[in-house]
Amino acid sequence: MSIELSVKEADITTLQVDAIVNAANSSLLGGGGVDGAIHRAAGPRLLEECRGLGGCDVGDTKLTLAYRLKARFVVHTVGPVWRGGSEGEPDLLASCYRRSMAVAVKKQVSSLAFPCISTGVYGYPAELAAEVAVDVVGSVISRYDSLREVVFCCFSRGDAELYERLIRIREI
Ligand code: AR6
């Protein structure tokens, strides 16, 4: 079964997919960037559900409903803060992508959208992060039968071009 990898330049809260991934912090109690946008668009019940989850480790995920969003679920994941690259950041970021897909598949999600995790406030260089994202998603997608579409949702043209180029180079 073939899976579609696509790149969109968009606000992730507007996407019509089964699940969106949130680049959260370990409290899971909201913040700025894409996290703030998701909480605003989903409404206060998302925060209520998050309060009961006991936080989330870096590299791990927690799943909630998506309330007012078009998606059915939000997969909250906590990316690493960039500290120069030698403190396990690539493995932790890879784990965010891997576990997000695994947890989504458990809920029979068929389309999943990722933001550029860790590349805003957490300072992970966009190009290095995109390489991790494309490598991980590209290497595991064939394992997941129910997953038909993975969207890399970029908030700038520059990020979208990075992903388009990497996907072309890797011939995924
Ligand atoms: N749709 C898609 N992408 C977005 C949106 C949006 N609506 N808004 C921002 N981005 P960031 P991080 C992009 O800072 O680096 C929060 O306060 C943004 O341009 O949201 O993982 C959390 O609570 C960038 O490319 O997440 C944490 O404390 C990407 O999303 C902390 O920030 C990630 O930027 C997490 O930092």
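Student: Leaving aside its neighbours within four places in sequence, which residues is Pro 90 in contact with?

Tutor: In this predicted model, Pro 90 is in contact with Gly 85, Tyr 124 and Val 132, once its neighbours within four places in sequence are left aside.

Student: And where does Pro 90 lie?

Tutor: Pro 90 lies in helix α3, and with a relative accessibility of 34% it counts as partly exposed.

Student: How far apart are the C-alpha atoms of Pro 90 and Tyr 124?

Tutor: The two C-alpha atoms are separated by 9.4 Å, although the residues are 34 places apart along the chain.

Student: OK, then on to the helix itself. At what angle do α3 and α4 pack?

Tutor: Helix α3, residues 89-106, packs with α4 at an angle of about 40 degrees, and their axes are 9 Å apart. The two helices are therefore oblique to each other, and α3 passes α4 in a right-handed crossing.

Student: Which residues meet there, α3 against α4?

Tutor: From α3 the contact takes in Pro 90, Leu 93, Ala 94, Tyr 97, Arg 98 and Met 101, and these meet Ala 129, Val 132, Ala 133, Val 136, Val 137 and Val 140 in α4. Sorted by class, the contact of α3 with α4 has eleven nonpolar residues, no polar ones and one charged.

Student: What about α4 and α5, how do their axes cross?

Tutor: The axes of α4 (residues 126-140) and α5 (residues 157-170) come within 10 Å and cross at roughly 45 degrees, and α4 and α5 are therefore oblique to each other. The crossing in which α4 passes α5 is right-handed.

Student: Which residues of α4 and α5 meet?

Tutor: On the α4 side they are Ala 126, Glu 127, Ala 129, Ala 130, Glu 131, Ala 133, Val 134 and Asp 135, while α5 contributes Asp 159, Leu 162, Tyr 163, Arg 165, Leu 166, Ile 167 and Arg 170. By class, this contact of α4 with α5 has nine nonpolar, no polar and six charged residues.

Student: Let me pick out Tyr 163: buried or exposed?

Tutor: Tyr 163 is buried, with a relative accessible area of 2%. Not counting residues up to four places away in sequence, Tyr 163 touches Val 7, Tyr 97, Cys 116, Ala 129, Ala 130, Ala 133, Val 134, Phe 152 and Cys 154. For Ala 130, which is 33 residues away along the chain, the C-alpha separation from Tyr 163 is 6.3 Å.

Student: How many bridges pair β1 with β6, and in which sense?

Tutor: β1 and β6 (residues 149-154) pair in the parallel sense over six bridges, and within that pairing Leu 5 has Val 150 in β6 as its bridge partner.

Student: Which strands are joined to β4?

Tutor: Strand β2 (residues 19-24) is joined to β4 by six bridges and the two run parallel, with Val 21 opposite Val 75 in β4. Strand β3 (residues 61-65) is joined to β4 by five bridges and the two run antiparallel, with Lys 62 opposite His 76 in β4.

Student: How many residues of β4 are buried?

Tutor: Six of the six residues of β4 (residues 73-78) are buried. Phe 73, Val 75 and Thr 77 point one way from the strand, whereas Val 74, His 76 and Val 78 point the other way, and all are buried.

Student: Last one: where is the place of Ser 118, and what does it touch?

Tutor: Ser 118 is in the loop between β5 (111-114) and α4, and it is buried, with a relative accessible area of 6%. Not counting residues up to four places away in sequence, Ser 118 touches Gly 79, Pro 80, Leu 93, Gly 123 and Tyr 124.

Technical notes:
Residues are numbered from 1 along each chain as its sequence is written. This is a predicted model: local features need pLDDT of at least 70, side-chain atom pairs count only at pLDDT 80 or more; totals for chains, interfaces and linings use all residues. Side-chain values use heavy atoms; hydrogens and water are left out. Axes are lines fitted to C-alpha atoms, for helices over the stretch in contact, and angles run from 0 to 180 degrees between N-to-C directions. Helices (H or I, at least four residues) and strands (E, at least two) are DSSP runs, numbered from the N terminus. Angles under 35 degrees count as roughly parallel, over 145 as roughly antiparallel, 65 to 115 as roughly perpendicular and the rest as oblique. A crossing is left-handed if the near helix is turned anticlockwise from the far one by less than a right angle, and right-handed if clockwise. Contact means heavy atoms within 4.5 Å. Ala, Val, Leu, Ile, Met, Phe, Trp, Tyr, Cys and Pro count as nonpolar, Asp, Glu, Lys and Arg as charged, and the others, Gly among them, as polar. Buried means under 20% relative accessible area, exposed over 50%, partly exposed in between (1.4 Å probe, protein chains only). Two strands pair if DSSP finds at least two bridges between them.
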